[in-house]
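Student: I am new to this structure and would like a close look at a single part. Please show it to me first.

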Amino acid sequence: MRRRFDSLKGLERLPRPSALCAKSREEPGLLGKKMALVPYNDTALWGVQKLHQSSSVYYFANHTIKIKQDWKQLGVAAVVWDAAVVLCTFLEMGGIDLQGRMVIELGAGTGLLGIVAALLGAHVTITDRKAALAFLESNVRANLPTDLGPRAVVKELTWGQDLGSFSPGSYDVILGADIVYLEETFEALLHTLDHLCSDRTVILLSCRLRYERDQNFLKMLRGLFSVHEVFYDSNNDVHIFKAQRNIQKGDL
């Protein structure tokens, strides 16, 4: 049974992207093969001014976290989206026990989710494409206390590639926030999830279901895993789905 919350502690609410904004993700002239690293056209973003701020501040796990943003250089990969904040809140509220767990975040972007996971006791591998790594690393290092630094490793991962440097089935938890929106990446993402999962790995994906293709991804995911919606934030229209290769008698 999923949990529904109308307001969440620590959630700095962002405007919902307009149809024009969402459409711009897929314009061939902008997108090409850049995937998430797409600078947006400023004139199409009148409704998302907060995303253009150079930083945003959050409070999780008894820590103030200041996240740098760089929309103009890295586009959607370098701003904090609602789905990440909602999933951070879910984790802080005890949605899953991360203490001592081996965790990997896919498509980390700004690094907020991976940072919070480390603050909650996980050993986290925080991943994204090469072009985002320096930016991601700077946020991670700026927000983790020195004694917690060893808990977080920033590493390059392009879905469907580079998998040889990631041991199959070695993670307890896989995290992803707002990484399901480009249909051309779905097969590679599923291949990556399949590689990283053991029978006991828990996948938590936080997202909005904007389009039919998002529902199609869930159908594809259910072809490999048992999938359940465990959380819904109605204020921000964000869903959290939990997936496992097999249904287990005990939860993490």
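Student: Which residues touch the most other members in the largest nonpolar core?

Tutor: This is a predicted model, in which local features need pLDDT of at least 70 and side-chain atom pairs count only at pLDDT 80 or more, while totals for chains, interfaces and linings use all residues. Residues are numbered from 1 along each chain as its sequence is written, and side-chain values use heavy atoms, with hydrogens and water left out.

A nonpolar core is a set of buried Ala, Val, Leu, Ile, Met, Phe, Trp, Tyr and Cys residues joined through side-chain atoms within 4.5 Å; buried means under 20% relative accessible area with a 1.4 Å probe, counting protein chains only. The largest such core has 44 residues, and the members touching the most others are Leu-91, Leu-112, Leu-175 and Leu-204. Helix α4, residues 82–92, gives the most to this core: eight residues. Helices here are DSSP runs of H or I with at least four residues, numbered from the N terminus.

Take Leu-175 as an example. Contact means heavy atoms within 4.5 Å. Setting aside neighbours within four places in sequence, Leu-175 has contacts that include Leu-87, Leu-91, Val-103, Ile-104 and Leu-204. Glu-105 is also one of the residues in contact with Leu-175.

Apart from this core lies another, of 26 residues, including Ile-179, Leu-190, Phe-217 and Ala-243. Across the whole chain, buried residues make up 54% of the 252 residues. Of the contacts between residues at least 6 apart in sequence, 71% join residues at least 24 apart. In soluble globular proteins, nonpolar side chains tend to be buried together.

Methods
Buried means under 20% relative accessible area, exposed over 50%, partly exposed in between (1.4 Å probe, protein chains only). Helices (H or I, at least four residues) and strands (E, at least two) are DSSP runs, numbered from the N terminus.
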